[in-house]
Amino acid sequence: MAVGGSTGTELSAGVPAELLVEAAELPAGIGPYRLAWRRLSRNHGALFFGVIFLVIVVLCLLAPVYSSDIAHTGPNDNHITEQIKIGGKLTYVVSTIGLPIGPTWHSKFFLGADPNGRDIAVRLLYGGRNSLEVGAVATLITIVLAAIIGIAAGYFRGWTDGLLMRALDVIWAFPVYILGVALGVSLAISGIGPLRGNSLMVPAFVIGVVFVPYVAKPIRGQVLGLREREFIDAARVQGLSHVRIMASEIFPNIASTIIVFIPLMLANSILLEAGLSYLGAGVQPPNPSWGTMIADGVANIPAAIHLVLVPGIMLVIAVLSINVFGDGVRDALDPRAKVRIAR
Amino acid sequence: MTAPETLLQVEDLRVSFATEEGVVRAVDGITFTVQAGEVLAIVGESGSGKSVSVMTLMGLTRGQNARFEGKAMFDGRDLIAASDAELRKVRGAAIAMVFQDPMSSLDPVYRIGAQIIEQIRVHEPKVSKAQALDRAVDLMERVGIPRARDRVRSYPHEFSGGMRQRVMIAMALANSPKLLIADEPTTALAVPIQAQILDELRRLRDQTGAGIILVTHDLGVVADIADRIAVMYAGRIVEQGTLEDLFYDPQHPYTWGLLGSITRVDRNRAGKLPAIPGQPPSLLAPPEGCHFRPRCPHAFDRCTELPELVSRLPEAPEHPDRCWLEPERKRTLRQVGDQIGLATGETVIS
Amino acid sequence: MARFVIRRLLAAVGVLIAISVVTFLIFQAIPNGDPAQRIGGRTANAAELALIRHEWGFDKPIYVQYIKTMGKILSGTVVSYSQNLNVLDQIRQGLPATLSLAIGAGIIWLGLGILFGVITAVRAGRFADRALTVLAFIGVSSPPFFLGALAIYYVGYKANIIPLGGYSSLSHPWSWFKHLIAPWLVLSVLFIGIYSRVLRSTILDIQHEDYVRTARAKGLSERQVMVRHILRNSLIPIISLWGLDFAQVIGGGAILTESVFNLHGVGQFAAQSIQRLDVPPVLVITMLTAFFVVLLGALVDVIYAFLDPRIRLSG
């Protein structure tokens, strides 16, 4: 699932490596993260998309305000039999043959209604909040589990490594969607412990688990390499405990890898949430999410394409902005991209 | 030796790269010549611009962020101004190159034979594959690879470093070059293998009469093979002369430092201690005047002015250097104990 | 080589067992209604239900149920709970659609992924690179069911160029092609985005390798250097990516594309079975996928060893 590559920062073929090394060492006395920040702040494209994503997040968090003060309706309120005034003319929210109203560009039904007479703009913001929440919690779960598993497997090696890696191999051999849908459907029925099946945390948990191998394996590989380095030996000779070494010696060295994975996993989690919801295994109705809204829209093709377009475009913009911003973060942290062509 | 014929004439070559941090002046005006049948050694620390200089002759540093000035006349053609297509005809044919790291310089996915054949046929497309294969076997035998007929079918990873470097040399010789550029050809190899590879190069020079540019940071290597030496520091040639000139009457304090370090390495094989204190300057913002000034214990006020590369020795007009010190004073300053070196207080030789 | 094959086979069996256990547990650990009632149907009487319970082991501990179900799968007699149809037959019915989708899309995404990867690497930093990079980012950011819905509405319903979904058998090639062209492209978009980015960065890395400099020093043209040395080495990771992705798609991993285009393939069958909490089809399909993943994984290793002589097939 990982998206490789970096944007337009490479040197042309001919420049000898020895020069690159020298130039890379130039800003002496600046920490790696300060340097990364400096590089990111010069990457206007990435920053632009980062800001777009922030705007989307803020808008979605303001969903209740929009709902109560502008649209005056909730995300699950039906107005199926009501009429509203458009251009001085009364129109049914949902026509007698079941066609929902399109975008009105007014405070009510700004982006139109769905076949249940619900306000799409309100649902879009609430759905965005749900999608982002599921994505964020799933990413957190993935990153934490993957870091623990990856560090433990790489640090202890031997049978710990073998056991953890075989377990990850099993998840890996599952198609992402089949495992996600199977877990999603079954947990939506049974719930997890105290969590009810229709809780947002169920899809978040499912997505978080499904993506663990994709992050844990690279972390393990890096830890295996780190373990051979002198400072780990030094820490062991000093008699530091395993947990202490993993937390204070190894973790800081894989932190940049983890940072690179956060936006990548956030984007993929939001996409997987949408896919699972589309298949009925994610966010459960009547709760909106971008995925369930698109699913509703697909069911209404060709009658009302705006039902697909509105949440779909929003989803693509959100995921795209995370991906581009994340790519900028990776470029900034990647040591190979240290020297750029001056333009 | 045959009548000296000038193969290559480099005049005031300058190479700079535009980077994120500014313009790096990797090569800052160098001039030298190579005669047929002669070995010119270019000596300097890594980052001194010696590799960039020779790669520029082959056009290997060309790129959108590279700038070139000056001339490099070879066979009536300016290599710096030549088009990519013209240069391609010269590369691997009249000028061939052997690189530093034989472990990574051969393509891992092709057999040795195929890589030599590729070199032959790119310049002589009429040669059949079978003929090219025979020539590849001959070349491999010539550079001392045993059982060459079998080993053309080997992959690079099945060869040792020394054997791979022999393959690189065989490949370089495939089209009988007039000029062979060897960029640190022995640096990555074990000491006994280094001597064998140098033997190989010397033999080839004697047999073919080709000129050789040997780029190295190791004056010990140079002593075995070079006819003339150019010492480079931070993008400039600081001293140039014959082997005898440089070893017995070195004029630049940087050369003294280099000489001091080889003597010590001879005595103590394990030692790879920094012979000259300090670091080479950043090529983004090099010091004014003599580039070596910040590291030179003998620097004085005049050193902020750039010394020309001219001979300051009436008896040796072919031995120019870039140092303001009086030749007489140099003779005493460079004497550290019973040998030549760069004195820094009393701790240089200890 | 023999050791390699044996080891791979053992690993495959291990993964298959583990996956079947996990899948079985996912569904059996939840309230699921009475499977016997669902198999027997509404008309079944108590004696018939008791027979079904005994046959599937529903009256026994869960490991007995697992073993009985697996026995039915391996003997090919397993039926679905909800429809009481032979699962293997149903999968066989879905296979032509899934294979058509996977093979066609696999060729498209590999070909275009390589093409775009090479273009963006060669033109790095210029217009073509930037434009294709933007497209690649949009590609990896777009869910297939959204793209599929757009294709069905705009190209199918509005422009009337493609049908609105469904699968048409290969015996009518033109109809087959018209039904599949949109699914192929929709499924490929994500992979083209990923592959072109991976290939671009691999090429840009390999471009700095010493042996590429050697190739240039030989006097080869830029095109020869690119094709014979850079591309030849850069394609190695792409081939392995392709093998694993293709395995997942062929085993029903293209659930979203199959569903939105209503192709009645294996993936869509899996999705429907999961929604019906119908364990046997899900078990068989996940095992099938895992089998393809392991098999193509081994095949990828063989191709890898062929492409990269440094790699040996050791156990």
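This is a predicted model: local features need pLDDT of at least 70, side-chain atom pairs count only at pLDDT 80 or more; totals for chains, interfaces and linings use all residues.
1. Residues are numbered from 1 along each chain as its sequence is written, and chains are lettered from A in the order in which they are written.

2. Chain A gives 45 residues and chain C gives 54 residues to their contact, where two residues count as touching if their C-beta atoms, placed from the backbone, lie within 7 Å. On the chain A side, helix 7 of chain A supplies the largest share, nine residues; helices here are DSSP runs (H or I, at least four residues), and strands are E runs of at least two, numbered from the N terminus.

3. In chain C, domain 1 (1–82 + 279–315) and domain 2 (90–275) are given by the domain assignment, an automatic or database one. Their centres, taken over C-alpha atoms, are 29 Å apart, and the contact takes 17 residues from domain 1 of chain C and 19 residues from domain 2 of chain C.

4. In chain B, strand 6 (residues 95–98) and strand 7 (residues 179–183) run parallel and are joined by four bridges, where pairing requires that DSSP finds at least two bridges between the strands. Within this pair, Met97(B) stands opposite Ile181(B) of strand 7 of chain B.
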